Amino acid sequence: MLGSGSWGTTFAKVLADAGHEVTIWARRPEVANEINESHRNTGYLPGIDLPRNLRATPDLVEAVRGQHFVFVSVPAQTARELAGQLATLIDDDAVVVSLMKGVERSSGLRMSEVLTGVLDLPPERIAVASGPNIALEIAKEQPTAIVVASDSEATAVSVAKLARNGYLKSFVNVDVVGTEFGGVLKNLIAIAVGIVDGVGYGENTKASVMTRGLAEISDFAVAMGAQASTMIGLAGLGDLIATCESPLSRNFTAGRLLGQGYVYDDVVAQMQQTAEGLRSVGAILELAERHGVDMPIATQIDDVLHGRMSPADLAPHLATDDGPSGE
Ligand SMILES: NC(=O)C1=CN([C@@H]2O[C@H](COP(=O)(O)OP(=O)(O)OC[C@H]3O[C@@H](n4cnc5c(N)ncnc54)[C@H](O)[C@@H]3O)[C@@H](O)[C@H]2O)C=CC1
Ligand SMILES: O=C(CO)COP(=O)(O)O
């Protein structure tokens, strides 16, 4: 497991609890020491005891040497740099699994595209995993489900089998585009729901943003090649609900701070962990424009982020001035 933040550590625990020997790479030696000596990662998962068959190292070479499965869970904007370091280290037949839910800001590429490009992987050696997976809830062993996608069904099945235990059920599909974009796009809608929550609007407003948000992100994902059914599965609707409703969500929290009147820089300064949606929105809007997809909610988030729209104006703009339109 590469990345020892909240999701990397939690997913490493999932794999270890499924009975596997897991090595987690922690960039900071003090995090690796704490995991090895106290079986804890208090900075990210306070109060969680980690299994003994999960060991940590700050040495990337040691972490990946001889491993057949390499999971990647670092902030999306750092994935390319990490992949560059991996290029000469991973085994020739290793399968790489992205757990990340962002796009590269400069290129708009999905994480599997970044990893595949840098590492020159054939389709059967790359997979992605997504779903309603708030890290701390899973670390507390609350039951949930995840979906693993790869162009190769055999690869998806092999990864899903690894990540299956008493509290996590894994499903598979072959829609990498939809599975990956589901995770990226729900973050934007969670920011919007956070914004209206921060303003003080109630459940009707939030439900309207979620519902219209699902339609909007589905249109986008399908235009990019996703299956529509994926967007009402775990990686789409499932993750949308979890992220928009959870006070543990960093994207929802970032949105709520915006709704309370904090400006972008203040929000970033207050966030201790990664809120991928803040970084993805610009790239998604550029892709949407290129593919002719209308994304009113994402546009409004961008307007709020750049101070062009008051957070209180976000929801009313769901209604257009040109009369009623079809749902
Ligand atoms: N936390 C969650 O509930 C979930 C998170 N994810 C996704 O997992 C990915 C990782 O997020 P989290 O673990 O939550 O973030 P986090 O903020 O909790 O941890 C990020 C980790 O990456 C490390 N890191 C930062 N910069 C780095 C660099 N340049 N090179 C290598 N490592 C670096 C940090 O030291 C930290 O260990 C994100 O794409 C996120 O969307 C997906 C599902 C659930
Ligand atoms: O992806 C997640 C849940 O599935 C985590 O969401 P946040 O990154 O907003 O915390």
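**Group meeting: a sheet and a ligand shell**

Let's start with one residue pair: Phe-71 has Val-97, in S4, as its bridge partner. Keep in mind that this is a predicted model.

Now zoom out from that pair. S3 and S4, the latter covering residues 95-98, run parallel to each other and share four bridges. They belong to an open sheet of five strands. The order is S3-S4-S5-S6-S7, and the pairing is mixed. Which strands stand at the edges? S3, residues 69-72, and S7, residues 168-173. Each has a single partner strand, so one side of each has no neighbour in the sheet. On average, neighbouring strands here are turned by 25 degrees against each other, ignoring direction.

Next, a helix on this sheet.

Over to ligand 2. Which domains supply its shell? Domain 1, 6-174, and domain 2, 177-318, each give at least three residues. Three helices each supply at least two: H8 (176-199), H10 (234-245) and H11 (250-259). H10 has the largest share, with three residues.

What is the make-up by class? Four nonpolar, five polar and three charged residues. Here are the names, if you want to follow along in the structure. Lys-101 is there, then Pro-132, Asn-133 and Ile-134. Asn-187 and Ala-190 are also around ligand 2.

Terms used
Residues numbered from 1 in each chain as written. Chains lettered and ligands numbered in written order. Predicted model: local features only at pLDDT ≥ 70, side-chain atom pairs only at ≥ 80, totals over all residues. Near = placed C-beta within 6 Å. Nonpolar A, V, L, I, M, F, W, Y, C, P; charged D, E, K, R; others polar. Domains from an automatic or database assignment. Pairing = 2+ DSSP bridges. Axes fitted to C-alpha atoms, helices over the stretch in contact; angles between N-to-C directions.
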